[in-house]
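Here are my notes on the model, as promised. Have it open while you read, and follow the points in order.

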Amino acid sequence: MSVTPTKPVLVSNDQPQRPSREEALKAVRTLLAWAGDDPDREGLKDTPKRVVDAYAEWFEGYDADPAKELSRTFEDVQGYDDMVLLREIEVESHCEHHMAPFLGKAYVAYVPAEKVVGISKLARVVEIFSKRLQTQEVLTNQIAEAIETQLAPQGTAILIDAEHQCMTTRGVHHRHVSTITTRFTGVFKDDAALKDRFLRLARG
């Protein structure tokens, strides 16, 4: 017998309404049983709680606003018009296809136009978008677009280098394969020398 899936209930921000914590705990118990184990055995009794708490941390990016992080800017740049580059920002995300982690580093640069932002805010933007179900390509674009929208810089450059557990622990089982994605806008897209300098500096 086929069952027609019900559509998720949408709230005002067009996001699916979240199940309750109790429903989430029950779902984890179901997965434990489906995997072939006994959710009531001693070693697994507290596992649903631990998993739900871990999910709250892993996916806390859904409750954060990147625009807010970039909203406080400084206009006194005193003529500075070269790139601002942050290297090796930790990326801890989960792929939306298998919910498996992908881990790596992000390299974020922009050339200010009329304002700059605190460097910790750039790292926070990477963190917010990372702590959502993602593809690396979309993650790269989202970081660039947030900086473009909020700072209106002369250009933005993003590079992410990550290893995907959905490739290393399942499927083809190829380890130590990293995926690199990039996004260039403005002067980084138009000026090959500037783009090359970013890539040299990013890769050390």
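1. His94 has Leu133 in strand 5 as its bridge partner. Bear in mind throughout that this is a predicted model.

2. Now follow strand 2 (residues 84–95) to its other partner listed here, strand 3: the two pair in the antiparallel sense over 9 bridges. If you want a landmark, Val91 stands opposite Gly104 in strand 3. Strands 2 and 3 form a hairpin, with 5 residues between them. Check Met99 in that turn, because its phi is positive, at about 60°.

3. Strand 3 (residues 101–111) also pairs with strand 6, again antiparallel, over 10 bridges. Lys105 is a handy place to start, as its bridge partner in strand 6 is Asp161. On from there, strand 6 is joined to strand 7 (residues 178–186) by 9 bridges, and these two run antiparallel. Ala157 has Phe184 in strand 7 as its bridge partner.

4. Thr135 deserves a quick click. You'll find Thr135 in the loop between strand 5 (133–134) and helix 5 (136–151). Buried or exposed? Thr135 counts as buried because its relative accessibility is 13%, and the cut-off for buried is under 20%. Setting aside neighbours within four places in sequence, Thr135 is in contact with Glu96, His97 and Phe102.

5. Over to the charged side chains, where the count comes to 13 salt bridges. One of them is Arg18 with Asp63, whose closest N and O atoms are 3.3 Å apart. That pair links distant parts of the chain, 45 residues apart: Arg18 sits in the segment before helix 1 (21–35), and Asp63 in the loop between helix 2 (47–58) and helix 3 (66–69). Arg18 counts as exposed, at 54% relative accessibility, and so does Asp63, at 60%.

6. Next, Arg29 and Asp40 meet in a salt bridge at 3.2 Å, N to O. This pair also links distant parts of the chain, with Arg29 in helix 1 and Asp40 in the loop between helix 1 and helix 2, 11 residues apart. Arg29 counts as partly exposed at 33% relative accessibility, and Asp40 likewise counts as partly exposed at 46%.

7. Lys45 and Glu42 make another salt bridge, 3.7 Å from N to O. Both of these residues, Lys45 and Glu42, are exposed. Elsewhere, salt bridges that share partners join Glu69, Lys121, Arg124 and Glu127 into one network.

8. Last one: which residues form a nonpolar patch on the surface? They are Tyr55, Trp58 and Met99, together giving about 280 Å² of accessible area. Met99 is the hairpin-turn residue from point 2. Trp58 lies in helix 2 and is partly exposed, with a relative accessible area of 38%.

How values were computed. Residues numbered from 1 in each chain as written. Predicted model: local features only at pLDDT ≥ 70, side-chain atom pairs only at ≥ 80, totals over all residues. Heavy atoms only, no water. Salt bridge = Lys/Arg side-chain N within 4 Å of Asp/Glu carboxyl O. Helix = DSSP H or I, 4+ residues; strand = E, 2+ residues; numbered from the N terminus. Buried < 20%, exposed > 50% of the residue type's maximum accessible area, 1.4 Å probe, protein only. Contact = heavy atoms within 4.5 Å. Patch = residues over 30% accessible without salt bridge, like charges linked within 9 Å, V, L, I, M, F, W, Y side chains within 5 Å. Areas by Shrake-Rupley, 256 points an atom, 1.4 Å probe, with all protein chains shown as cover. Pairing = 2+ DSSP bridges.
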